[in-house]
Amino acid sequence: MATTPLHSSNHGLARSLKERHVMLIAIGGIIGAGLFLGSGKAIATAGPALLLAYALCGGMIYLIARALGELSLYRPGSGSFATYAQEFLGPRVAFVTGWSYWLIWILVGVLEVTGIGVLMKYWFPELPQWIPALVTVGVLTVINLFAVKTFGEVEFWLALIKVLTIVGLIGAGLVILLFGLETSAQATPSLANLWRHGGFFPNGWSGFWYAVPVAAFTFAGVEVIGLVAAETAEPQRTLPRAINSLIWRMAIFYLGSIAVIMALYPWNQIDTAQSPFVMVFDSIGLGVAAGFINFVVISALASSCNTGLFATSRMLFALSHLQQAPRRLQVLSTRQVPVRCLMVSTTVLLVGVLLNYWIPERIFSLLITGILGLLIWVWTVIIAAHMAYRRKVRRGETPEVAYRLPWARVSSVLVLGFLGVLTVLVIRDPETREAFYVASAWFALLLLAYPKPLATKEVNDVWNA
């Protein structure tokens with residue numbers, strides 16, 4: 001039986017995000033530079049089997065989003081999965097999860113603004129790399145200082161650029177395939193290119209399994225849907241619609257675009273040093289394809305960093321209410337923005353950008369690699385918290401919501417099994433194995449810094465505030 005959540009405190013945050021904002025934030029969070037730039041390398045690794053890797057990972061990520069959506073409607077408050085971890089898994093797990101997610105987005109933000117600095121050299125070769133990075137952080141910070149509706153509006157348009165680019169690629173590719181237009185590829189554009197050149201698994205199952213982690217982490221960012229719940233005008237209606245649309249949008253934007261690319265260009269003809277999107281737009285005579293894709297990737301990086309500043313500030317805000325971060329961070333601006341949390345994240349992000357220039361490249365890449373291990377932890381916590389929530393629902397100790405993870409018991413086991421396989425794949429790959437060394441060191445540091453936990457009554461007071 002559906003019931004309304006007992007508590008839905010957002011600790012004074014404004015509920016200003018509309019359905020269109022949440023829709024684009026949900027899909028924009030999983031469309032990044034990896035699709036536009038990194039898909040060529042992924043295709044070379046697995047060939048057409050990459051489609052199966054995307055389908056598998058997309059399905060698992062969708063189930064994680066459904067589980068988080070159910071929890072978010074149970075308590076659509078600030079902190080999302082960190083506060084669910086606090087309630088269902090204990091304060092230590094919440095502390096590790098909240099701060100780990102904060103670190104994920106800080107590292108991602110450093111990577112994104114650094115990438116913007118590099119990409120701007122396409123038009124301005126003499127421009128120092130740090131200037132675009134600094135300007136990007138400054139502009140995005142100002143945007144986030146305004147009301148959350150401003151953040152949502154900017155993110156809406158940045159995400160829309162990515163969506164329209166992918167739709168344009170799919171449309172152009174279908175025109176070429178249907179009307180038999182010529183391209184620069186040596187082979188004739190045809191759907192048969194998906195199985196002609198060495199079969200659907202040209203590199204065998206090993207190529208497929210190597211591509212699975214790449215595909216999985218392409219979908220990183222879907223968790224933000226839980227954080228926006230606290231500032232969504234009608235979460236009970238908006239969140240289910242946004243999450244439900246993820247499955248077909250992932251199918252169109254990922255499977256659709258990659259299938260079209262490999263139908264136009266056999267997988268073994270795709271230049272891994274060039275964006276496959278540039279190749280397709282070049283094939284229809286768009287001479288400015290490289291510059292256009294450069295612009296799209298810059299907007300994608302800016303979108304990701306914008307989301308990161310939002311996510312880190314809200315996570316710090318929630319941790320401060322759980323007394324797992326300084327209480328002085330609870331201050332809201334007149335626009336109902338956690339301004340101190342935002343400035344802390346901005347400051348650390350700027351330090352990270354500076355360190356990117358000062359510390360050896362090997363150390364920096366090691367820190368970025370740590371994102372992989374931390375993300376697996378966050379996804380595992382979401383499912384574990386959901387399983388604990390469902391157990392309480394079955395015992396009648398917790399209210400049930402109308403929006404639920406389908407086949408919850410089986411789905412949860414499937415996702416945990418998938419995350420276990422993903423962990424093994426990452427550890428076995430020498431290029432990503434160090435992710436778990438970094439993550440383990442980070443977890444050890446957090447456990448040493450773990451503060452005195454809140455008593456049960458204090459936790460309830462936090463929810464009821």
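The structure is a predicted model, in which local features need pLDDT of at least 70 and side-chain atom pairs count only at pLDDT 80 or more, while totals for chains, interfaces and linings use all residues. Residues are numbered from 1 along each chain as its sequence is written, and side-chain values use heavy atoms, with hydrogens and water left out. Helices are DSSP runs of H or I with at least four residues, strands are runs of E with at least two, and both are numbered from the N terminus. A residue is called buried under 20% relative accessible area, exposed over 50%, and partly exposed in between, with a 1.4 Å probe and protein chains only.

- The elements that give two or more residues to the nonpolar patch are α6 (130-145) and α13 (339-358), and α13 gives the most, with 5 residues.
- Val 351 lies in helix α13 and counts as partly exposed because its relative accessibility is 43%.
- Helix α13 has 20 residues and reaches 29 Å from its first C-alpha to its last, close to the 28 Å expected at 1.5 Å a residue, the expected span being 1.5 Å times one less than the number of residues.
- Cys 341, Leu 342, Ser 345, Thr 346, Leu 349, Gly 352, Val 353 and Asn 356 are buried in α13; seen down the axis of α13, its buried residues fall within an arc of 130°, so they line one face of the helix, the arc being that of the directions from the helix axis to the C-beta atoms.

**Helix α15**

- Helix α15, with 21 residues, reaches 30 Å from its first C-alpha to its last, close to the 30 Å expected at 1.5 Å a residue.
- Ala 408, Ser 411, Ser 412, Val 415, Phe 418, Leu 419, Leu 422, Thr 423, Leu 425 and Val 426 are buried in α15, and because they cover an arc of only 165° around the axis, they are on the same side of α15.
- On the other side of α15, Arg 409, Val 410, Val 413 and Arg 428 are exposed.

**Aromatic contacts**

- The structure holds 20 aromatic pairs; rings of Phe, Tyr and Trp (its six-membered ring) pair if their centres lie within 6.5 Å, and planes under 30 degrees apart count as stacked, over 60 as edge-to-face and the rest as tilted.
- Tyr 74 and Phe 88 form a tilted pair, at 6.0 Å centre to centre and with 40° between the planes; this pair links distant parts of the chain, with Tyr 74 in helix α3 (residues 50-74) and Phe 88 in helix α4 (residues 81-88), 14 residues apart.
- Tyr 74 counts as buried at 2% relative accessibility, and Phe 88 is buried with a relative accessible area of 13%.
- The rings of Trp 377 and Phe 443 have their centres 5.1 Å apart and their planes at 45°, so this pair is tilted; the pair links distant parts of the chain, with Trp 377 in helix α14 (residues 361-394) and Phe 443 in helix α16 (residues 434-449), 66 residues apart.
- Trp 377 counts as partly exposed at 28% relative accessibility, whereas Phe 443 is buried with a relative accessible area of 18%.
- Phe 200, Phe 201, Trp 205, Phe 208 and Trp 209 form one aromatic cluster.

**Loop residues**

- Gln 323, in the loop between α12 (289-321) and α13, has a positive phi of about 60° although it is not a glycine, and Gln 323 is partly exposed with a relative accessible area of 34%.
- Trp 407, in the loop between α14 and α15 (408-428), has a positive phi of about 45° although it is not a glycine, and Trp 407 counts as exposed at 71% relative accessibility.
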